[in-house]
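I opened a new notebook page for this one.

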Amino acid sequence: MKKTMTFAAALLAASVLSGMASAKTLVYCSEASPANFDPGTTTGGNDFDASSRTVYSRLVEFKHGGTEIEPGLADKWEISDDGLVYTFHLHPGVKFQTTDYFKPTRDLNADDVVFSFDRQFNKQNPWNGDKYLPNLTWDYYTGMDMPKYVAKWEKVDDLTVKLTLTEPNAPMLANLGMDFASIVSKEYADQLEKDGKMADFSTKPIGTGPFQFVDYQLDAVIRYAANPDYFKGKEKIDDLVFAITPDATARIQKVLAGECDVAPYPNPADIATIKANKDVTLMDQAGLNIGYMSYNTTIPPLDKPEVRHALNQAIDREALIKSLFQDAGATPAENLIPPTMWSWDKDVKTDAYNPEEAKKVLEAAGLKEIQLWASDRVRPYNPNFQRAAELIQADWAKVGVKATIVNYEWTKYREEGKKKDRPGAFQIGWTGDNGDPDNFFATLFACSAIGVSNYSSWCDKDFEDLIQKAKKTSDQAERSKLYEQAQVIFAKQAPAFLLAHSQVYAVVRNNVSGFKMDPLGIHRFDGVDKAE
Amino acid sequence: MLRYLLNKIALLIPTLVGITICAFAFVRLLPGDPILAMAGEHGVAPARYEELKQQFGYNLPIWEQYARYVGEVATGDFGVSISSKRPVLEEFKTLFPATLELSFFAMVFAMVIGIPAGIFAAVKRGSWFDQSLMGTALVGYSMPIFWWGLLLIIFFSGYLGWTPVSGRIGLQFFFKPITGFMTIDSLLYGKWDAFRSALSHLVLPAIVLGTIPLAVIARQTRSAMLEVLGEDYVRTARAKGLSGARVIGVHALRNALIPVVTTIGLQVGTLLAGAILTETIFAWPGIGKWMVDSIFKRDYVVVQSGLLLIALIVMAVNLIVDVLYAVINPRIRAA
C-alpha cells in the first residue's frame, strides 16, 4: 500500500513538474557538481554558481559584470568616522522563497543577518558544528580573516543591523558581497532544527535570491524556478537548469548542438571551432587573476633587487605567454593587480626582455644556479607550470644561470613553497575573491603573510605601510592613491616575476541576452533572457 | 554444492581484509594533503591546520586510523564525504543505478555484436571476414576510451546530430526516481518519449564502454567455437546430416558458451574501470565520475569507501559467476 502511495505521489509530482517544460528554460552546462547548497560551507566557484548566485542574496552585491559594490538586501549603509561601525538598513518587505519544503511566515529581518554570520564563528551556535554537518571548516569566513576583524553583529531593530569591527578594515564591505556572506533564513533554520532535519539546510536551500531551488539529481542536473517574490523583480526566464558536464569538449559540443545555452571554460583547442560557429558567441574577459613567480627575497643573491630584475629581464615573456596560453590568450601582467581592478596604475611597467643587460648583472652577482619550482596542476593563471619552467630554464641558460626544476604535487607544492627558507623561484598565482586591491596586495605580499601566502618572504616597510594604511582608509579615492604608490614600490623591488592575467571564456548561444562575463569568475543568471 | 559455495565464501574473507588495507593505504599514498586541498588557494594558518587535523582524526597513528575505519565499515558505517558532508553509502546508492544501467547496456551491446561476430569468424575461419574481425577486435581492445568517446561525440552528436552529446535523459523530462534506472522509471511513469530519450542517451556511452568487452567476447567466442567445432560430437552431428545452422546453433554453441559466460563475468571489473572514464566524458552521473571527482578533491572518505564498495560488488559478481559456472558444469564442483 505504502509503495502504491509513493508511486502515486511521485506520479503526481511528475505530472505537475513536467508541465513546467513548456516555460522559458535556460540551460547552463556547468563544469562540476556542487559540494552542497550552503555557500558558507563551500569554497568552489561551481558551488557558488549553484547556490549563492542563484538562490541567495547578500547585504551588498557586486555590480553585474564588475567589482564595484552596490546595494543588495541593504538599501544603504553608514560607516562611522573611525571606520569601526557599519550600520546597514535592510530593504523592507523582502520575502524568503516559498517552496514545497518551506513556507516563510515573516519577511527578512535583522535576525536573519545576525544568524547568517553568527553561525560561521560562534561555537555555541548549534549550526556551527557537527550537529549541522560533520567536519565543518567555514573556510572562507576564516580565510578572509573575519574572526580577526569582526567584534560583533547586533540587531538594532527589524530593519537595521550594526557591525562593529576590532580595527578599521576598508575591504570589509567587499567581503560582505562575497558568497560566504549570503543571507540565510533563521526561521527555516529554526524549523529544521525543531524537526531534527538540520542537514537539509545544505541540500534544500532557502534564500531571497532570483531563483529558487526545485530539485537536484546528484551529479546530473540541478533545477531552479524563477523566484516570483524576488525583491528586485521576477526574472524573465522561468526555469534555470544546470546540466553538470565535466568534460570541456562535451560541454562545448552541447552548446553547439543547442542542448545548453551557456557553457563556461572551453578548451583552448576548441576556441577556433567556436569562433567559426554562427549560432554561438565566445565571450571573454581578462580574469581577476595573476600568474607570477616568487623569488625568495631573503636568500642571497636573490635578496638584491637588481638580481631579481636581471632574472626577470632574461625571460622572453611574450614567447612564454604565447606558448602557454596559445589561442586562449592572456594579458601580459605589468602589475600585480589586473587592469580591470580599480587603482591599477597604467604607468607602472614590469621589466622588459633584455638578456644582454641581465647577463652582465647576473655574472657580476655570481648567480650560477637556481631552483625553479613547478607543479602538476592546471590553474586559470598558468595552464602548465612544467612547460613554463622548461621555457624559463632555457631562457636563463642563455644568460649563464642553470635552473634545476623542482616538482611536487599541487598541495605538497604549496606546502613546501610557502616555507620561509624555500630557495629559488616559485611559480604560483592568485584568483581574486572580492575585487578589492587589498585582496591581492595584502594577501600575497603583506609581511604577516610570510609563511602563509607570501611566497617571496618579502617584507618591505614602505610597501607594508602603504597597504596597511589603505586597509584602514574608507575613502576609495584615497585608497586608490595609496595602492598606486604601492605598485611603484613593487615594480622597483621586483619580489616576483609577473607573468599574465589569463582570459576567461564562456560560450553563449546567440538567442541568449543579458549574460555578462564576471571578473570575479562567477556565473550569474539574473537579468538573463532567452528568445525562443 | 553447499560445501563448494562455503569454500568460495571463506576465500573471500582474506580478499576483503586485503581490500580494506589497499583502499586505506591507497588514499594515503596519494600525494597531497586533504586539509590543504580543502583550503584552496588561500592556504591555512598553521594553528588552524593542527585544529583541523585533529578534527578529522588525521593526527592519530596510522594503525589507529585503520582500526577505526575497519570498525566503522564492519558496522555498515562507510563514513561521511569530506566535501559534500553526505553519507558515502547514501551517495553510492543514489549513483550506482546509473552505472549499473550503463554497464548493462554496454554488456548487451558487447554480447549482441560480439558473440555472433565470434561465431561467424570461427565458422569462416581464415576468411577476409575473420581476418578483419580479429584485427578490428585488437584495435577495439586497445582503444583509449577517452579519445574514442570524444571522437564519437564529435562525429555523431556534433557533425551528424543523431545522438545527444551527454547526460542521461533530455532535460525536459523530470521525474522523481523510483528504481534509479532511467529506462525503467520512464516506463513506470508511462512516458514513452522519456524512454526513447533515455535510450538515445545510452547509445554512445554504451558503445564506448562496451567496446573493450566486445573485443574480448568476440575473440573468446571465436576461439571457444573453433575448439568445439573440432570435437568429435560436432563431426558426428554433421555426419548425421543435420543442417549447418543446427549443428552450430545447438550442438556447438551451447558448449562453446561456457568459457564465454566466465569471460563475461570477468568483464564486470573492466566495465567498472571503464565507467570511470566513460562517465566523465558523457557527464553520466554514476559512481565512476563520483570517484574521479573525489580523488581530485582528496576526499579520503569517499575514495576509500567507494573503492571498498566497488570491490565488494566485483567480488559478489565473481562469486555469482563461479556458482553459475558450477551449475552449468558439474565437474567444477568436485574440484
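Before the sheet, a reminder to myself: I call two strands paired if DSSP finds at least two bridges between them. I also keep in mind that this is a predicted model.

Entry 1, the sheet. I looked up the strand order in chain A and found an open sheet of four strands, E4-E5-E7-E6, with antiparallel pairing. Which strands stand at the edges? They are E4 (74–79) and E6 (150–157) of chain A; each has a single partner strand, so one side of each is left without a neighbour in the sheet. From one strand to the next, I read an average twist of 20°.

Entry 2, inside the sheet. I followed E5 (residues 85–90) of chain A to E7 (residues 160–165) of chain A and found five bridges joining these antiparallel strands. Opposite A:Thr87 I found A:Lys162 in E7(A). I then checked what packs on the sheet: helix H3 (residues 110–121) of chain A does, touching E5, E6 and E7 of chain A. The direction of H3 makes about 165° with that of E6(A).

How many residues of chain A are in contact with chain B? I got 51, and they meet 50 residues of chain B. Several elements of chain A each supply at least two residues to this side, among them helix H4 (139–143), strand E9 (221–226) and helix H15 (410–417). H1(A) gives the most, with seven residues. Sorting the side of chain A that touches chain B by residue type, I noted 24 nonpolar, 16 polar and eleven charged residues.

Conventions
Residues numbered from 1 in each chain as written. Chains lettered and ligands numbered in written order. Predicted model: local features only at pLDDT ≥ 70, side-chain atom pairs only at ≥ 80, totals over all residues. Contact = placed C-beta atoms within 7 Å. Nonpolar A, V, L, I, M, F, W, Y, C, P; charged D, E, K, R; others polar. Axes fitted to C-alpha atoms, helices over the stretch in contact; angles between N-to-C directions.
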